[in-house]
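Work through the exercises below with the sequence and the model at hand. Each task is followed by a solution in steps.

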Amino acid sequence: MVAMESDSELDRGDAAPAFELPGTDGETHSLASFDADALLVVFTCNHCPYAKAKFDLLNDLAAEYDDLAVVGINPNDADEYPDDSFETMRERVDDGTIAYDAYLRDETSAVADAYGAVCTPDPFLFGREGDEFVLRYHGRLDDALNPDDEPTEYYVRDAVDAVLAGESVAVPDRPSRGCSIKWPGE
């Protein structure tokens with residue numbers, strides 16, 4: 001396990017890159033699928049200890065905020081990492097381990113590449129502006145840098161609260177930390 005830190009080329013104010021991906025719910029999802037004022041896209045997976053440490057926080061966010069859609073996208077190579085297969089993703093949703101608004105499969109990792117994601121988890125928070133979502137925050141979910149650390153500050157909550165209040169996000173972008181994305185063919 002090698003810890004990576006994200007450094008996307010998406011800047012605050014940039015539009016969310018489009019996607020159309022299959023979900024564990026049997027539906028195909030795109031940006032237009034989410035009728036919310038804020039959209040939290042998190043590149044994540046089933047096997048990474050950094051990602052697993054954030055499951056509960058992401059589930060809580062999905063449950064607590066009516067105007068926030070929490071979307072997990074798994075871009076990892078399932079041939080090399082069978083725990084990240086679409087079938088295992090469905091199992092994690094079915095057993096309640098993952099309770100996001102949507103858990104999507106990025107089979108080719110093209111969406112992760114379009115967002116500039118490099119690790120799991122790698123969170124991107126967007127706010128709705130007209131017909132599109134624009135980046136308002138890209139960074140750590142909280143101050144727990146390692147899977148066994150207990151967080152004391154929840155950056156993502158402060159960022160979500162600001163977006164939903166129509167305010168600018170005061171939380172600085174801090175590189176997310178996690179396992180490297182397991183790109184297909186590498």
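Predicted model: local features only at pLDDT ≥ 70, side-chain atom pairs only at ≥ 80, totals over all residues.

**Exercise 1. Cover on two faces**

Task: Decide which residues of β4 lie on each side of the strand, and whether they are buried or exposed.

Solution. Step 1: In a regular strand the side chains alternate between the two faces of the sheet.

Step 1: One side of β4 carries Ala38, Leu40 and Val42, and the other carries Leu39, Val41 and Phe43. These residues are all buried, so both faces of β4 are covered. Here buried means under 20% relative accessible area, exposed over 50%, and partly exposed in between (1.4 Å probe, protein chains only).

Step 2: Turn to β8, residues 122–129, where six of the eight residues are buried.

**Exercise 2. A hairpin**

Task: Say how many residues lie between β8 and β9 in their hairpin.

Solution. Step 1: β8 pairs with strand β9 (residues 132–138) over six bridges, in the antiparallel sense.

Step 1: Two residues lie between β8 and β9 in the hairpin. Gly130, in the turn, has a positive phi of about 65°.

**Exercise 3. Salt bridges**

Task: State how many salt bridges the structure holds, then describe the partners of Asp142, Arg157 and Arg105.

Solution. Step 1: There are four salt bridges in the structure. A salt bridge is a side-chain nitrogen of Lys or Arg within 4 Å of a carboxyl oxygen of Asp or Glu.

Step 1: Asp142 forms a salt bridge with Lys54, and their closest N and O atoms are 2.7 Å apart. Asp142 is in the loop between β9 and α5 (155–164) and Lys54 is in the loop between α1 (49–52) and α2 (55–64), so the pair ties together parts 88 residues apart in sequence. Asp142 is buried at 3% relative accessibility, and Lys54 is buried at 10%.

Step 2: Arg157 forms a salt bridge with Glu64, with 2.6 Å between the closest N and O atoms. Arg157 belongs to helix α5 and Glu64 to helix α2, and the two are 93 residues apart. Glu64 is partly exposed, at 47% relative accessibility.

Step 3: Arg105 meets Glu107 in a salt bridge of 3.4 Å, N to O. Arg105 is buried with a relative accessible area of 3%, whereas Glu107 is exposed with 52%.

**Exercise 4. Backbone exceptions**

Task: Name the residue that a cis peptide bond joins to Thr120, and find where Ser109 lies.

Solution. Step 1: Most residues other than glycine have a negative phi, and most peptide bonds are trans.

Step 1: The cis bond joins Thr120 to Pro121, with omega about 0°. Pro121 sits in the loop between β7 (119–120) and β8.

Step 2: Ser109 lies in the loop between β6 (102–105) and α4 (110–115). Ser109 has a positive phi, near 65°, and is buried at 2% relative accessibility.

Methods:
Residues numbered from 1 in each chain as written. Heavy atoms only, no water. Helix = DSSP H or I, 4+ residues; strand = E, 2+ residues; numbered from the N terminus. Pairing = 2+ DSSP bridges.
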